[in-house]
Amino acid sequence: KKNMKSALVFNVNMSSIVYVLYDLEWVGEEIVAKKRILGIVEDIGKKNAEYVLINRDEKRQIVNEPPEALSDHASAFDAILERLKNESMPVVIGHRIVHGGNAFSAPVLVDDRVIQAIHEFASLAPQHNPPALLGLRTAIGAYPQVKHVACFDTAFHTNLAPEHFRYAIPTELYSTHNIRRYGFHGCGYACVTEKVTKRLFGGDDTGR
């Protein structure tokens, strides 16, 4: 188990952190990810905050953490990383980010430029980008030697034509304040359309 390659994925929201640790294996010419463990921290900062683990057999385990351990996102991440110390080192870590504006059309390796962009677009998703950025920085600090990849919900929709993403408002509001239609839940749409396209037509078209 310790030598098995794995991938770690984080989905950080305003009141929860969801992560999945996957085992990776080659099947033919494709890498297949199989869930090893799913972790969910819900209602962060509330009295009923809860940390739950679900293993590959779908068995559910409540992690007994003192209330202060889940009092905010930073504390919750400390609790998560402490538990992940017992697992194998991931070869890559993915981060779901709600808003990448119109700057990202595909997943990207995280660097200072990407971190700065996530920070700048926080004004467009003030309840989502800041906690996701905290999680990203925390994960980089815990796994500095691992590649980190940011996947943006807005990326799937970046090929919208201007007549579809522009609102009927003065140009100044669009150009100065970035007010336009961006589209959301793109990570989910990309997954569904790829699977449907493969099932109906074969190949690996994303179905955009």
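The legends below describe several close-up views of one predicted model.

Residues are numbered from 1 along each chain as its sequence is written. In this predicted model, local features need pLDDT of at least 70 and side-chain atom pairs count only at pLDDT 80 or more, while totals for chains, interfaces and linings use all residues, and side-chain values use heavy atoms, with hydrogens and water left out.

**View 1. The largest nonpolar core.** A nonpolar core is a set of buried Ala, Val, Leu, Ile, Met, Phe, Trp, Tyr and Cys residues joined through side-chain atoms within 4.5 Å, where buried means under 20% relative accessible area, exposed means over 50%, and partly exposed lies in between (1.4 Å probe, protein chains only). The largest such core has 38 residues, and among these Phe10, Tyr51 and Phe152 touch the most other members. Helix H1 (residues 73-84) gives the most to this core, with 6 residues; helices (H or I, at least four residues) and strands (E, at least two) are DSSP runs, numbered from the N terminus.

View 2. Phe10 belongs to strand S1 (residues 6-12) and, at 1% relative accessibility, counts as buried. Contact here means heavy atoms within 4.5 Å, and, leaving aside neighbours within four places in sequence, the residues in contact with Phe10 include Ile17, Val18, Tyr19, Phe77, Ile80 and Leu84, as well as Ile93, Gly94, His95, Arg96 and Ala139. Although Phe10 and Gly135 are 125 residues apart in sequence, their C-alpha atoms are 8.0 Å apart in space.

**View 3. Val18 in strand S2.** Val18 is found in strand S2 (residues 17-27), and with a relative accessibility of 25% this residue counts as partly exposed. Once neighbours within four places in sequence are set aside, Val18 is in contact with Val9, Phe10, Asn11, Leu38, Gly39 and Ile40. Between Val18 and Tyr51, which are 33 residues apart along the chain, the C-alpha atoms are separated by 9.8 Å.

**View 4. The two sides of helix H2.** In helix H2 (residues 112-120), the residues Val114, Ile115, Ala117 and Ile118 are buried. Seen down the axis of H2, these buried residues fall within an arc of 160°, so they line one face of the helix; the arc is that of the directions from the helix axis to the C-beta atoms. Asp112 and Arg113, on the other side of H2, are exposed. The partners against which the buried residues of H2 pack are strand S6 (92-97), strand S7 (108-109), helix H3 (129-142) and strand S8 (147-152).

**View 5. Arg180, a buried charge.** Arg180 lies in the loop between helix H5 (171-177) and helix H6 (186-201). Arg180 is buried yet has no salt bridge, and the nearest side chain of opposite charge, that of Glu163, is 11 Å away; in this assignment Lys and Arg count as positive and Asp and Glu as negative, while His and the chain ends are not counted. Not counting residues up to four places away in sequence, Arg180 touches Asn102, Phe165, Tyr167 and Tyr174.

**View 6. Salt bridges across the chain.** A salt bridge is a side-chain nitrogen of Lys or Arg within 4 Å of a carboxyl oxygen of Asp or Glu, and by this rule the count comes to 10 salt bridges. One of them joins the side chains of Glu87 and Arg36 (2.9 Å, N to O). Glu87 lies in the loop between H1 and S6 and Arg36 in strand S3 (residues 30-42), so the pair ties together parts that are 51 residues apart in sequence. Both Glu87 and Arg36 are buried. Another salt bridge is formed by Glu50 with Arg60, the closest N and O atoms being 3.5 Å apart. This pair links distant parts of the chain, with Glu50 in strand S4 (residues 50-55) and Arg60 in strand S5 (residues 60-63), 10 residues apart. Glu50, at 26% relative accessibility, counts as partly exposed, whereas Arg60, at 56%, counts as exposed.

View 7. The side chains of Glu194 and Lys198 meet in a salt bridge (3.5 Å, N to O). Both residues, Glu194 and Lys198, lie in helix H6 and are 4 residues apart, about one turn of the helix. Glu194 counts as partly exposed at 29% relative accessibility, and Lys198 counts as partly exposed at 33%.
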